[in-house]
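Please read through this structure step by step. The paragraphs start from a single residue and move on to the core and the helices.

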Amino acid sequence: SPRLATRLSPRQVEVLQRLAEGTTENEVAVQTGRSYHTVHNQVRSIYRVYNVHSRGELMSRLTNGAPM
C-alpha cells in the first residue's frame, strides 16, 4: 500500500534504501554522519511500519511488492 511509504520520514526512506542495497546499520551511520543509535532507532521504526521483526522479513516484504 502506498500509505507505508508516506509513513516514513525522508531519512527513514534513505536508511531503507541503503538497507535494501545490503548496507549494515553501522555503515549507514558512517555514510550519513548519524550515530549508530539514531540509525538503529530509525530501522526499528521502519520495522514497525512494515510490521516485521527482522531485516530478512523486511527484505522479503519489499521483494514481494511492498512500496518503499
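Not counting residues up to four places away in sequence, Gln-12 touches Arg-7, Gln-42, Ser-45 and Ile-46, where contact means heavy atoms within 4.5 Å. The model is predicted: local features need pLDDT of at least 70, side-chain atom pairs count only at pLDDT 80 or more, and totals for chains, interfaces and linings use all residues. Residues are numbered from 1 along each chain as its sequence is written, and side-chain values use heavy atoms, with hydrogens and water left out.

Gln-12 is found in helix H2; helices (H or I, at least four residues) are DSSP runs, numbered from the N terminus. With a relative accessible area of 12%, Gln-12 is buried. Buried means under 20% relative accessible area, exposed over 50%, and partly exposed in between, for a 1.4 Å probe and protein chains only.

The largest nonpolar core has 16 residues, of which Val-15, Leu-16, Ile-46, Tyr-50 and Leu-58 touch the most other members. Such a core is a set of buried Ala, Val, Leu, Ile, Met, Phe, Trp, Tyr and Cys residues joined through side-chain atoms within 4.5 Å. At least two residues of this core come from each of H2, H3, H4 and H5, and the largest share, six residues, is from H4. Leaving aside neighbours within four places in sequence, Val-15 is in contact with Val-28, Arg-34, Val-39, Gln-42, Val-43 and Ile-46.

Which residues of helix H3 (residues 25-32) are buried? They are Glu-25, Val-28 and Ala-29. These residues cover an arc of only 100° around the axis, which puts them on the same side of H3; the arc is that of the directions from the helix axis to the C-beta atoms. The buried residues of H3 pack against helix H2 (10-20), helix H4 (36-50) and helix H5 (55-63).

H3 and H4 pack with their axes 8 Å apart, at an angle of about 120°. Axes are lines fitted to C-alpha atoms, for helices over the stretch in contact, and angles run from 0 to 180 degrees between N-to-C directions. H3 and H4 are therefore oblique to each other, since angles under 35 degrees count as roughly parallel, over 145 as roughly antiparallel, 65 to 115 as roughly perpendicular and the rest as oblique. Glu-25, Asn-26, Val-28, Ala-29 and Thr-32 in H3 meet Tyr-36, Val-39, His-40 and Val-43 in H4.

Asn-51 lies in the loop between H4 and H5. Although Asn-51 is not a glycine, its phi is positive, about 55°.
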